[in-house]
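Here's a quick briefing to read alongside the model. Have the viewer open and follow along.

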Amino acid sequence: MSTTQGAIAATRFGLGARPGEIAAATSDPRGWLLDQLKRTAAVSLAQQPLPTGQEGAAKVVEYTQLVRQQRQSGDPDAQMELQRALRSARRDGFGRELIARAALAERTDASFNERWVRFWSNHFTVAITQPLILPLVGPYEREAIRQNAFGSFRDLLQATSFHQTMLVYLDNIRSFGPSTRIAQRRGVGLNENLAREILELHTLGVDGGYTQQDVTEFAKALTGWTIKSPPLANSDIGAVTFEPRLHEPGARTVLGQRVSEGADQASAVLDMAAAHPSTATHIATKLARHFVADMPPQSAITTLSRAFRDTGGDLTELAKAVINLDAAWGEEQVKFKSPDELLVSTARMVGSTNVFGGGQARDVYTSFGQVPFYAPSPQGWPDTASEWAGPDAIMKRLEWANLVAQRTPSDIAAGQFLDEGLGPLVSADTRQAVARAESAIQGLTLALMSPEFQRR
Amino acid sequence: MTKRPFTVSRRMVLAGGAAMAATAVSTRPAFAAPSSGNKLAVIILRGALDGLAAVPPSIDQLADWRPNVMPENPLRLTSSFALHPALGGLHGLYTGGEASIVHAVASPYRGRSHFVGQDLLESGSTGDVLRDGWLNRALQSAPTPLSAVSIGPATPLVLRGPAEVGTWSPPVLPEASGDTLARLGDLYADDPMLGSALAQAVELDAAASDMTSMGRTARGDEAGAALPALARLMAAENGPDIGVASVGGWDSHAGQIGQLNNALSRLDAALLAMKDEFGAAWARTQVAVVTEFGRTVKENGTRGTDHGTGGAAFLLGGAVAGGQILGDWPGLAERDLFEGRDLAPANDLRAIFMAMLGQQFGFSRSELTRTVFPGANGVLPLTI
């Protein structure tokens, strides 16, 4: 076995080495990763006092009603005051969520697990496209993603599709069975957004073999899945519920199969989509792109796709297949880090205070074009170098690296950064450039910007 | 942003050195080409602009299909078409002969995925998405050398490919020293991807040196931030001939009246600001504002519209023969709709792009159909 495998385990499969990790992983790199899968509870943020999805949704319902009442009462000052209070309350909760999440990524000793969680969180993207969603993204990742990322794909799909956040994000709470009395009285109807994205992005993939008819029928099956709120509900506000009065009645055919009428209809379609052969290929392709190369070899896709199908979509077994995939252990670093990967891996070496400075996290994320939970579309963040390595992006990274180096005066020397963060992956050129730097700050800037640290 | 004047001039000095670094990795400096002075910009509206809301037809009973999402008081263009009331600036350009409309227009894509739709629009292919963009292929096969830039940290697919292009966005953080920049250039000497990216970034930063006013737009105003910046970059001395910018926020599944009022107002203001920033170069400029597809003719159940097919495109600039509605109009009768729900794609976006490349840069039709738009033999360029 080559000497670089321990470093690859920590940097390509994990979120980047913490000091000492490369040494710890070197004797048995695959075993070091597989051992993490016995500690999947490590991805939980449960020890933090953070709100549930239902609490977040209940708050949103409550705020919305308060705003409506204030608007009717017509006092502009009171209205402004309320809006301000709501905004800061929402921001506050979101901020604590981001800090807890960043701290976990920075400190975890099971960082493959955390990478795995983030992969699925991105696969099942929700994004803050409207203020309503802000208090809901954190609960979504904790409840739908973290709790299911090592279970079955089927359960993960059910959990994400029927979570408050997804129902809001992809408009299902505003989709009504066209023939229902409520729809006819209010002049509202079907919205096919959620159905389409589940088939196109979450399961079969765009060429996976579904039709417009499948989308429409699936959208009808999904009608009725909503969040409990007045006037239809007066208790358990914020909980996800199936409301028959909003559901388009009738048995229907989706993906060539008949699904009978009832509350379980949408769930049955999700199970069909989870078990569809195109889904295995779609997931395998994205995993291979994430762990092997931007344009992964077909053989890697086939191996992972088979693992997905053979285990019935068991995600822990799929993770093992990824770890045991020889193609993912190539000596050459070919994956260019996304901004988030760069920031997390740097934080694991120099600490997040140095990465972001005082209160500048948002500026850094913004200049890098990857603010957490603000993905530009339901497709999530891109996973290829061509999207992240443009000239402007490199300049932004350099500006940031320079700041990090200035903030990290004596915590870690550049040479130590290379040894602990990259170990045997460091090239002679990089070592020499860092050694000859005109200052410690410049040395660390160059180490952060080195081709080896910019890739994984 | 306050430190621009100083650090930028330092970078401008450096640009020469970085250009040498670029040569070392066998590239030519992005802006070194002699320029005809003609400009071509493509603005991509991501998320599928509702062309029927932007350019409502008055010859058909659109309100029969969508009574709850009709914009009030549209601005008259012809006896048959009008413009959304938030597009007052564009209306002025149209009546002044500097803007035209292509309606019922689409790429060859007939599905309804935003992502594949955008990829196909940008890669310029007919079926499978290609790995490079049609503007990059145009750079490779141009009769005279051309240079290109896009706004934003990432290169959009339409410009991706073997030919080098620049990207630029306003700086947010303080800058690294020139010396660090030079040393990093050395460190990247054997890394083609990072090396050429860094070299171009240095050049672009120099070109954008007087852009101190950029970044002052309202938070979230993507059009206001990107479009004038693009125009200023392109209008600079030896500025790029071709430019691309993207504006999101068009996926109006719900409550589209308010969403489009906001988004179109910002776009309209940004287009006028673009004209200002182009200055004298405006006379030799063609801008195409395009989107991946249109939206359903019928409104959906949430006062919005879902993914459709035929959309609308705006053409503007001093080099556009404006004041025209170009192409065919398929009508809105039930039998005329595509798959019973969408405005039929009567016109091809590639006809616009081919016309622009031909008129602005002298591309021959055969070159266009051979390399830039393979499979477009049957597409007749418009006269724009």
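How many of the 17 residues of α21(A) are buried? The helix α21(A) is mostly covered, with 14 of its 17 residues buried; "buried" needs 20 or more other C-beta atoms within 10 Å of a residue's own, "exposed" means 12 or fewer, and "partly exposed" is in between, with C-beta atoms placed from the backbone. Bear in mind that this is a predicted model, where local features need pLDDT of at least 70, side-chain atom pairs count only at pLDDT 80 or more, and totals for chains, interfaces and linings use all residues. Residues are numbered from 1 along each chain as its sequence is written, while chains are lettered from A and ligands numbered from 1 in the order in which they are written.

**Chain A overall**
- Chain A has 25 helices and 4 strands; these are DSSP runs numbered from the N terminus, with helices being H or I of at least four residues and strands being E of at least two.
- A compact globule of 456 residues would have a radius of gyration near 23 Å, and the 24 Å of chain A agrees with that. The radius is taken over C-alpha atoms, and the globule rule is 2.2 Å times the number of residues to the power 0.38.
- Along the principal axes, the C-alpha atoms of chain A fill a box of roughly 75 × 60 × 40 Å.
- Of the 456 residues in chain A, 54% are buried.
- Take the contacts in chain A with a separation of 6 or more: 69% of them come from residues 24 or more positions apart. A contact here means that two C-beta atoms, placed from the backbone, lie within 7 Å.

**Where chain A meets chain B**
- On this interface, 52 residues of chain A are in contact with 44 residues of chain B.
- α21(A) gives the most to the side of chain A that touches chain B, with 11 residues.
- Other elements giving two or more residues to that side include α11 (193-202), α19 (361-368) and α24 (440-449) of chain A.
- By class, that side of chain A has 22 nonpolar, 19 polar and 11 charged residues. Ala, Val, Leu, Ile, Met, Phe, Trp, Tyr, Cys and Pro count as nonpolar, Asp, Glu, Lys and Arg as charged, and the others, Gly among them, as polar.
- The 17 residues of α21(A) should span 24 Å at 1.5 Å a residue, and its end C-alpha atoms, 25 Å apart, agree with that; the expected span is 1.5 Å times one less than the number of residues.

**A helix pair in chain A**
- The axes of α6 (residues 111-123) and α7 (residues 137-146) of chain A come within 10 Å and cross at roughly 105 degrees, so α6(A) and α7(A) are roughly perpendicular (65 to 115 degrees).
- Val117(A), Trp120(A) and Ser121(A) of α6(A) meet Glu141(A), Ile145(A) and Arg146(A) of α7(A).
- The residues of that contact split into 3 nonpolar, 1 polar and 2 charged.

**Backbone spots to check**
- Pro230(A) and Pro231(A) are joined by a cis peptide bond with omega about 5 degrees, and Pro231(A) sits in the loop between β1 (225-227) and β2 (240-242) of chain A.
- Leu255(A) has a positive phi near 50 degrees despite not being glycine, and Leu255(A) is buried, with 21 other C-beta atoms within 10 Å.
- Ala48(B), likewise not a glycine, has a positive phi near 75 degrees; with 25 C-beta neighbours inside 10 Å, Ala48(B) is buried.

Key
Axes are lines fitted to C-alpha atoms, for helices over the stretch in contact, and angles run from 0 to 180 degrees between N-to-C directions. Angles under 35 degrees count as roughly parallel, over 145 as roughly antiparallel, 65 to 115 as roughly perpendicular and the rest as oblique.
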